[in-house]
Amino acid sequence: MNDNVMAMLPPEILYLIIRELEASAPEDRRALRSCSLANHTLSSISRKRLFQDVDISFAFLQNDHFRFVFYDGFETTGRKFRNLLRRAPHIAQYVDNLTIVALKEGGGPGSPALAGSPNEYSPSPSFSLYEIVPRLVNLKGLFTRSTSCHAFSLLDDRTGAFFSTISSSALKLGLDMFVGLPLSMFSSSANLKELRIPSIANCEQDSRPCAAKAKLRHLEAGSPSSSVESFFSLLSTPSSPFDISHLRSLTVSDPFCSVSALEEVAKLCSNTLEVLDFFLTSPVRQTEEPLASKRADLGPLRNIRHLTIRCRIPDFIISSLYLTGPRDNLSDVAATLSTLPFDAFLPMQLWITLRIKVSYLLDFESDLPSFSWSEVISVLESDQVAPSLAGVEFVFQRFEYDQGSVAVNMSASDLADVLGNHDGLKRLKEKGVLFFKEVKLEYDILFDLELKSTSLVENDKTTGRKFLRLLEGSTQIQSYVRALTIEGRAIKSWPFEVTSAVPQFSLYSIARRLGELHSFSLQGSVQWDLLDRCLKSFLLDTMPRMQRLGLAGVENIPVSVFRGCRNLQGLNLSSTEWDIPETDNGTGEKVQIQFLTVGNPSADRDVALEIFDSTQSPFDLTHLRKLTLSTLRYSVEGMNRMLSVCGKSLESFEFSINKPVADRNLAFTAVPPDLSMARNLRHLIINTCVRPQSFTPAPDTYDSTDFLFIDSMMQTLPDFGSRPSPMLSIDFSITLQELNPDVRRIPWSKLFRAMNEDRIWTSLKSVNLKVWKIYGYIRLASLAEILENCPELRQLHSKGILQYGAS
């Protein structure tokens, strides 16, 4: 996009576009970096997004006086970010939010972790954090993150004073890692709008009113180990430094906060509160007395738009010998929902999320559906409630205590057990509460030496039979599954029970039940001609129904098996075997492939690609949009024939140069792949390696055969002059397979010589150069410094096209 076109778009529109990119996601981050090099307008907006939210890490430990301190360690990033700001001070203006990540280390008297420079610790005035924050002139929020909470009173004095000072100026403050924060540190926090804290210490009421209160918009208080009730009782007093009458979002992270405390806080912000998230669980008590209903009255919340209720199944009382009490508190959830003022709500105003922790069930599959789901469903489906609902979401979390109290997401099968036994929940599913999209099953692979055949086998460690039981018990989910992946693993456990050599194998029954299946993948390593008869017959029956097939784990697949696969659009396969007789004229209907990935070819590389361009081939590549060749063992002539067929439609082409050293001259003596027909090409990806054998004895020379080959291929790119703007992106991934490679000796100029020609570079949207080192890493700054000495690279970089990366 040139500057004239860019000037036609208001900056506000560009900002909204860039804001959709997530700086923490690798792909989006690469896109932001590319945008930052496009022109001045996009550069400012993209860099703002890149550095809007910054995380820096410090080690967190106890010193010789058992006070907690932050420390700049070898693996931490605080000092590195400080050094970056020194070199590039303009970055500071882009930072809105800073998160301090505490990495827990050892500590205490005599700890070896305390042996560094005194300036590396937070008690020192030269500590990097104290230099970073004053540089961030537009800083709005400061947050902390840690795996555990620590008493604020045990911080060293200088660090405690730092956080107290920040609280008086920040708009957003999240001190999640500290419990017992002093109330006095918020006495001058009139600018504060967002606050996240576990607990407040010294909440004694003061008769003196607070002059300037913080008008909070978002509040998150409490933690699983910190009570918030004394803090909540303070909020209604004149001495409170907080005013929550304008609060829009409230999250109560204390699982045992009383209903009365929650109701009092909700009344203070009832006119403005839109988001509420709280726990509805009974306190754990060693008693056999029945618990009273724990219903929260949410009647005053007329503007609520998103309500999240967290509860536990079963809601138990612990005795020294047994569990007693109510089996669940879903009735309390239903009673709480019924208190909402639905008659005052607008249509589709409220979204409800129920987050349910499931634990301590002796028979999970039979116990879970037996709880009081009907009471919740009766409320949600009532004539008064249903018109106000924008959506209802159930989020389950299952605790596996026999695995060391590890929390895991509840599987699709467990949820389906609930759906299959409750018509109300099933109707909510019809509205989009839950959707089964992709299923992955695990089987073991067994090679029978006597029969010389390969089979899939199942036992108590595999998942196929379990999923079949699910389908048999919850038939409604059969139509939800769109993609099925079979992961074959080397056999690990004996004995196996059932193999794919018998018709009763679970996979065959599963596939017959999945009427909406359109994608099938078989992962593992098997030979087609060694598959047992039943499994081979199953694959032959399944393939014609699929739109996408992943057969990269199956070697030597006969080409003829793809005849009749007229629905196929995407194919991933490893090696094939030509079995079509010469007398076959290939007049049948061909398979129109749009996405093709080909792995290692057959032994005869000269015919490896003929299965796609031969007149007898069952494939039609005239509509191919993406082609990936994982190796250059193919003949270049065969690649050129293939490209001539799909050139008019091809948008993405990826290939790898990873030939064995002994075979290096096999393909390079021929002409390179001809890209002149690929006039719609948008993305070219080239992967190559530099091996120790490539270095010659002369210190200043280097075998540049690979680069010359790539450069020659670049010369064949078509003239994209008819395109309204540059659209071609080229990615180079170069792996240095040597312990201590000398990057300066690599002939970079030969690789990038063609791309500086006017015919080519004017069509380039971006060029990404990624250099990998198998052993250790290359510092990005060092790589950039070396590459800047190459005139061809420097010229591309000055045009805002080239980006560097290192690993």
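This is a predicted model: local features need pLDDT of at least 70, side-chain atom pairs count only at pLDDT 80 or more; totals for chains, interfaces and linings use all residues.
## Briefing: strands, helices and selected residues

The chain has 25 helices and 41 strands, and buried residues make up 49% of its 807 residues. Among contacts with a separation of 6 or more, 73% come from residues 24 or more positions apart.

**Strand S9 and its partners**

- Strand S9 covers residues 194–197, and four bridges join S9 to strand S12 (residues 218–221).
- Which residues of S9 lie on the covered face, and which on the uncovered one? Leu-195 and Ile-197 make up the covered face, while Glu-194 and Arg-196 make up the uncovered one.

**Helices H15 and H16**

- Two packed helices are described by the angle between their axes and the distance between the axes.
- For helix H15 (residues 464–473) and helix H16 (residues 506–513), the angle is about 35° and the axes are 9 Å apart.
- The crossing of this pair is left-handed.
- On the H15 side, the contact is made by Gly-464, Arg-465, Phe-467, Leu-468, Leu-471 and Glu-472; H16 brings Ser-506, Ser-509, Ile-510 and Arg-513.
- Sorted by class, the contact of H15 with H16 has four nonpolar, three polar and three charged residues.

- Asn-97 sits in strand S3 (residues 97–104).
- Is Asn-97 buried or exposed? Its relative accessible area is 11%, under the 20% limit, so Asn-97 counts as buried.
- Leaving aside residues up to four places away in sequence, Asn-97 touches Gln-52, Asp-53, Val-54, Leu-139, Lys-140, Gly-141, Phe-143 and Lys-172.
- Ser-388 lies in the loop between helix H12 (373–380) and strand S20 (389–400).
- Although placed in a loop, Ser-388 is buried, with a relative accessible area of 4%.
- With residues up to four places away in sequence left out, Ser-388 touches Phe-342, Phe-345, Leu-346, Met-348, Gln-349 and Leu-350.

**Arg-30**

- Arg-30 is found in helix H3 (residues 26–36).
- Its relative accessibility is 47%, between the 20% and 50% limits, so Arg-30 counts as partly exposed.
- Arg-30 and Leu-50 are 20 residues apart along the chain, and their C-alpha atoms are separated by 9.9 Å.

**Cysteines**

- How many disulfides does the structure hold? The count is zero.
- Cys-257 is buried, with a relative accessible area of 6%.
- Cys-269 also counts as buried, at 0% relative accessibility.

How values were computed:
Residues are numbered from 1 along each chain as its sequence is written. Side-chain values use heavy atoms; hydrogens and water are left out. Helices (H or I, at least four residues) and strands (E, at least two) are DSSP runs, numbered from the N terminus. Buried means under 20% relative accessible area, exposed over 50%, partly exposed in between (1.4 Å probe, protein chains only). Contact means heavy atoms within 4.5 Å. A disulfide is a pair of cysteine sulfur atoms within 2.5 Å. Two strands pair if DSSP finds at least two bridges between them. Axes are lines fitted to C-alpha atoms, for helices over the stretch in contact, and angles run from 0 to 180 degrees between N-to-C directions. A crossing is left-handed if the near helix is turned anticlockwise from the far one by less than a right angle, and right-handed if clockwise. Ala, Val, Leu, Ile, Met, Phe, Trp, Tyr, Cys and Pro count as nonpolar, Asp, Glu, Lys and Arg as charged, and the others, Gly among them, as polar.
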